[in-house]
Number of protein chains: 2
Amino acid sequence: MRNFKLILQYEGTRYQGWQRQISTPNTIQGRLEALLTKMVNTKTEIHGSGRTDAGVHALGQCANFHAVTDMSCAEICAYMNRYLPEDIGVISVEEVPERFHSRLNAVGKTYQYRVLNTEIPHVFDRRYVYVFPAALDLEAMTEAAGYLVGTHDFRAFTSAKKGKKSTVRTIEDIHIARVNDEIRFTYSGDGFLFHMIRIVTGTLLEAGTGERKPADIETIMDRGVREDAGKLVPARGLTLMEVRYNDRSFYEKKGKWKR
Amino acid sequence: MRNFKLILQYEGTRYQGWQRQISTPNTIQGRLEALLTKMVNTKTEIHGSGRTDAGVHALGQCANFHAVTDMSCAEICAYMNRYLPEDIGVISVEEVPERFHSRLNAVGKTYQYRVLNTEIPHVFDRRYVYVFPAALDLEAMTEAAGYLVGTHDFRAFTSAKKGKKSTVRTIEDIHIARVNDEIRFTYSGDGFLFHMIRIVTGTLLEAGTGERKPADIETIMDRGVREDAGKLVPARGLTLMEVRYNDRSFYEKKGKWKR
């Protein structure tokens, strides 16, 4: 069995998210698995670095699949791009050690949330931004973001039902920048909870409008109640930019990862 | 009668171009006129700075319309953006002297043609680029472009049928730049013939692949035969970036343009 790592782009607009579902064939994973199964003539599963929700985009999603095939990486890439719909693209295909797993081995991810901060439409980016025309205080948002950076229990910032799984995550960095009429929120961390970035962004926007004080973030984290945090902002503004892995040598050197 | 100048953005993908047609309601002009007619409750015409072909986009198309209305420019802008489809946007509305005409008063235009010069897809820009993966010699294309800059008879570079109208135009500048995996051709001039930029770009690409020599451009212009020039490249890569006018004082000072 060979193991292939893919870097993927997709526009999430018309998909029910990444994860394969029995009820709808229109998921990114579902589309990819149907194509790979056809390509190698055997039922094939693909593992993403994580699920993206319905409507969320990816500029650098990472996924891997195992297959018995004589095709080269370039041939797989060309085959996939020939048959995939225009809103899913394969950027690269690379052969990796058999034990590499795109989700389990991921050590970091970067997401970007784009807010169009004007009433004037931007036709070309309309599917990738959330239109939010109110005046925003960048400094207040940056101050609020400062409280989120680090290792915290983010259970107030997720729509996931309370369960046994840990809601502790590490946000390495939040960068907020104005680019022309846009405010771009860039989040890097070791992983993010269900809806976490969209709720965090909604909360930061409320700090930006003055609806809440930056220091409120601390109280929200301490109390851990979803209702204390801000609104869930729309999926269309969110893009998975990058998934990071340790250097390849990391899992090649360890006995366990050796092929 | 008041006169309003609009700056417009549109994604041309699903439209039959700018110009109103009896056979299809799906033109940019048709959409705008239907909306304005409703807005002021009187049949209203809108004049564009020029027609864009089916599938061509605009980042800064300019148009004007006359109307009797009490609405402010901001109200007109908000009204239009509320009712226009998402792929047409009004960037600004400005009241101008009654004799201002967006086509007749235009003194210059800038178009950009985007070529995605790789086999690797770019999902997010797919509607705005022409995928052309062959190796391209930027220097040869720039040399070829040099022959086109200036005032010339461009009849070899148009799909328009031979008529009495002049095919002499002035290209002020052609800028060719590599931006990541893209080659961007930016054309500024006093006006362009039907299909001119797409045929010029097709010809420059052939200079880029080595299919023809840069100096061939001179011969093509001298002979003035369409078949000598290169292929018409697809509309999707082309965007009208900007329309330039003389300073407003120009038509206000001249007696003829005075209100």
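This is a predicted model: local features need pLDDT of at least 70, side-chain atom pairs count only at pLDDT 80 or more; totals for chains, interfaces and linings use all residues.
1. Extent of the interface. In this model, 22 residues of chain B are in contact with 23 residues of chain A. The size of an interface is often given as the accessible area lost when the parts come together. For chain B and chain A, the buried area is about 1900 Å². Carbon and sulfur atoms give 57% of that area.

2. The rule finds eight salt bridges across the interface of chain B and chain A. One of the pairs that form a salt bridge is A:R126 with B:E11, whose closest N and O atoms lie 2.9 Å apart.

3. Elements on the side of chain B that touches chain A. At least two residues of this side are supplied by each of β1 (2-10), β3 (57-67) and β4 (88-96) of chain B. The most comes from β4(B), with four residues. By residue class, the side of chain B that touches chain A comprises 11 nonpolar, five polar and six charged residues.

4. Relation of the copies. Chain B is superposed on chain A by a rotation of 180° with 0.0 Å of shift along its axis, and the RMSD is 0.0 Å. The two copies are therefore related as by a two-fold rotation axis.

5. Surface used by each copy. Of the interface residues of chain B, 100% are also interface residues in chain A, so the copies meet through the same surface.

Methods
Residues are numbered from 1 along each chain as its sequence is written. Chains are lettered from A and ligands numbered from 1 in the order in which they are written. Side-chain values use heavy atoms; hydrogens and water are left out. Contact means heavy atoms within 4.5 Å. Buried area is the accessible area (1.4 Å probe) that two parts lose on being put together, summed over both. A salt bridge is a side-chain nitrogen of Lys or Arg within 4 Å of a carboxyl oxygen of Asp or Glu. Ala, Val, Leu, Ile, Met, Phe, Trp, Tyr, Cys and Pro count as nonpolar, Asp, Glu, Lys and Arg as charged, and the others, Gly among them, as polar. Copies are superposed by least squares on the C-alpha atoms of residues with pLDDT of at least 70 in both.
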